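Please have the viewer ready.

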Amino acid sequence: MIVEFGDIIDRHILEQVAALEQTVAQLHVEGQLPGLIETVPTFRSLAIIVDPLTTSPSIVRKCIENAPSTGKAHTPDTRHWSLPVSYGGNDGPDIESLSESIGLEPAEIITRHHQVTYSVYMLGFLPGYAFMGDIDHSLRQPRRRQPRTRVPEGSVAIANQLTAVYPWESPGGWHLLGYCPVPLFDNTASVPALLAPGDKVSFRPVTAAEAQDLAADLAAGKQQSSNYLLPS
């Protein structure tokens, strides 16, 4: 089943999606919604995946409609990450073109990107790929007309009102601002994706050399990704 709340990216809609996901999880814990396999949140909808031999769409719908809901998710344990980013140069090849198109100096683009604390809205596109919003209005640009066939792992990018870090090398059409050395996906971990919907993320500028040193330390196990989680 897919429950839809709208057709735009909007914080109010995101809160409704998160609230319903929590309601469904609570119903399952209380034994009122047997057969639940998984829920998958997006910007505007919630997919509810169930075992058809255990329950039915009509039962699921009735449970949801009868459940009390505030329409807003309860997030008592919000995590806040501070991720290092090497901006510009070879790590951020689109800063110069963005500077020309929006009329801001490269340094100002960097400042306006890292001075915002972002919310993780959803994961998608690639394992561990976190869509984060909202970037400064002055930086909002549509995707590139011609996507790249290869975007390097760790690339920090923006498009429209969102920012993200590519957890894998992949094709992509977003504007590249920098490089983050912290891995966002580890398939050997109990929870492979570093970020989760509802997390807060801040970016901290570092030099290209510092980013490479951090990448080497993380790859060698001298540091852990969890080191970049701020104290609650």
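This is a predicted model: local features need pLDDT of at least 70, side-chain atom pairs count only at pLDDT 80 or more; totals for chains, interfaces and linings use all residues.

Residues are numbered from 1 along each chain as its sequence is written, and side-chain values use heavy atoms, with hydrogens and water left out.

**S119**
- S119 sits in strand 5, residues 118-123 (strands are DSSP runs of E, at least two residues, numbered from the N terminus).
- S119 is buried, at 6% relative accessible area (buried is under 20%, exposed over 50%, partly exposed in between, with a 1.4 Å probe and protein chains only).
- Beyond its neighbours within four places in sequence, S119 is in contact with R11, F131, M132, G133, D199 and K200 (contact means heavy atoms within 4.5 Å).

**Aromatic pairs**
- The structure holds 10 aromatic pairs (rings of Phe, Tyr and Trp, the last by its six-membered ring, with centres within 6.5 Å; planes under 30 degrees apart are stacked, over 60 edge-to-face, the rest tilted).
- F125 and Y129 pair edge-to-face, because their planes stand at 85°, with centres 5.1 Å apart.
- F125 is exposed at 53%, whereas Y129 is buried at 1%.
- W168 and F185 form a tilted pair, with centres 5.6 Å apart and planes at 45°.
- The W168 and F185 pair ties together parts 17 residues apart in sequence.
- W168 is partly exposed at 35%, and F185 is partly exposed at 25%.
- Ring pairs link F43, Y121, F125, Y129, F131, Y166 and W174 into a cluster.

Methods: Helices (H or I, at least four residues) and strands (E, at least two) are DSSP runs, numbered from the N terminus.
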